[in-house]
Amino acid sequence: MRLQNKTAVVTGAANGIGAATARRFAAEGAKVVVSDRDPVAGEAVVAAIRDSGGEARFQACDVTDRAQVAALMDRALDVYGSLDIVCANAGIIHSTPFLDLDDETWRQVLDVNLTGVFLTGQEAARRMVARGIKGAIVNTASVNAVIVPHKLAAYNASKGGVNQLTKTMALDLAEYGIRVNAVGPGSVATEMFRSAMLQDPEGVERMRLRTPMERAAEPEEIAAAILFLASDDASYFTGQTIYPDGGRSAMSQMVPKRA
Ligand SMILES: NC(=O)c1ccc[n+]([C@@H]2O[C@H](COP(=O)([O-])OP(=O)(O)OC[C@H]3O[C@@H](n4cnc5c(N)ncnc54)[C@H](O)[C@@H]3O)[C@@H](O)[C@H]2O)c1
């Protein structure tokens, strides 16, 4: 068990990568605060963890609201007495041609994907520093932080921002013994992936052509990378984004077929 006696908070943990991460953390011995804006699906993740013999609680939290994020971190400290690992994972995606992207969508995506990571990291780190906890923070970026598919201006910009925020947090928090890293997944077979594909029917074939391994990842494969960064195995990693992407970032993209 790699996370024995650790308390972990995972945002966006009701579905997909966050849910797989919460389950894996609990299987590795962590006490997990499962957090999401969706309480029904979040409680179901907690129930599954408990059925498997793990320890978890649900705390509702919209990561765009500082008061809710602060309450989330306080809940972990109140219930489990520590705050060792925090995963800022909640995210949304929206596909629109750049010329049609409206202000509201731009702000919404940036608010959840980038401001949410900022608020989660800052509220967590302030409490870690105050208690002398040498914690680990893992942000969920995307391979889109470094190579970008078209029609995803807000999403791609938000994830590039997460990479730079991760590096800056790592520099500013190193003196407190807090490590900050990120994962940059390629396509992952989650609800987000399915909804992106629904907005873009040719997306599945394009995904295959852009992925040397010719498949999407399972959420558990991303959770394994997050576990590594959160664990003491990554004790000399900080300011890094690692890319479980099936080889996508190693290859050049084709110019998309035009209508
Ligand atoms: N699925 C992919 O292909 C893929 C690839 C790269 C990166 N990612 C990133 O992985 C992370 C998780 O995505 P996923 O694929 O598991 O998606 P998902 O849609 O399956 O899960 C995302 C979760 O975040 C929650 N959420 C959304 N907005 C929130 C908010 N404001 N506050 C709190 N919770 C909120 C949702 O309720 C949901 O449970 C995201 O940051 C996403 O950008 C996903």
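Modeller: Two strands count as paired if DSSP finds at least two bridges between them. Strands (E, at least two residues) and helices (H or I, at least four) are DSSP runs, numbered from the N terminus. The model is predicted, so local features need pLDDT of at least 70 and side-chain atom pairs count only at pLDDT 80 or more, while totals for chains, interfaces and linings use all residues. Residues are numbered from 1 along each chain as its sequence is written.

The sheet is open and has seven strands, in the order 3-2-1-4-5-6-7, with parallel pairing. Its edges are strand 3 (55–60) and strand 7 (241–242); each has a single partner strand, so one side of each has no neighbour in the sheet. Helix 5 (residues 153–173) packs on the sheet and touches strand 5, strand 6 (179–183) and strand 7. Contact here requires C-beta atoms, placed from the backbone, within 7 Å. The direction of helix 5 makes about 165 degrees with that of strand 6; axes are lines fitted to C-alpha atoms, for helices over the stretch in contact, and angles run from 0 to 180 degrees between N-to-C directions.

Two of the pairings can be followed residue by residue. Strand 1 (residues 7–10) runs parallel to strand 2 and is joined to it by four bridges; in this pair A8 faces V32 of strand 2. Strand 4 (residues 85–88) and strand 5 (residues 136–140) are also parallel, over four bridges, and I85 has A136 of strand 5 as its bridge partner.

In a regular strand the side chains alternate between the two faces of the sheet. In strand 1, T7 and V9 point one way and A8 and V10 the other, and all are buried. Buried means that 20 or more other C-beta atoms, placed from the backbone, lie within 10 Å of the residue's own; exposed means 12 or fewer, and partly exposed lies in between. N5 counts as exposed because it has 11 C-beta neighbours inside 10 Å.

The loop between strand 2 (31–36) and helix 2 (39–51) holds D38. D38 is partly exposed because its C-beta neighbours inside 10 Å number 14. Its C-alpha atom is 8.4 Å from that of C61, 23 residues apart along the chain.

The largest nonpolar core has 75 residues, and A22, V32, V34, I137 and I226 have the most contacts inside it. Such a core is a set of buried Ala, Val, Leu, Ile, Met, Phe, Trp, Tyr and Cys residues joined through C-beta atoms within 7 Å. Helix 4 gives the most to this core, eight residues. A22 touches V10, A13, V32, V34, V45, I49 and A56, leaving out residues up to four places away in sequence.

Finally, the ligand is surrounded by 29 residues, the closest being G12, G16, G91, T190 and M192; the criterion is a C-beta atom, placed from the backbone, within 6 Å. Helix 1 (16–27), helix 4 (103–131) and helix 6 (191–199) each supply at least two residues of this shell.

Key
Two residues are in contact if their C-beta atoms, placed from the backbone, lie within 7 Å.
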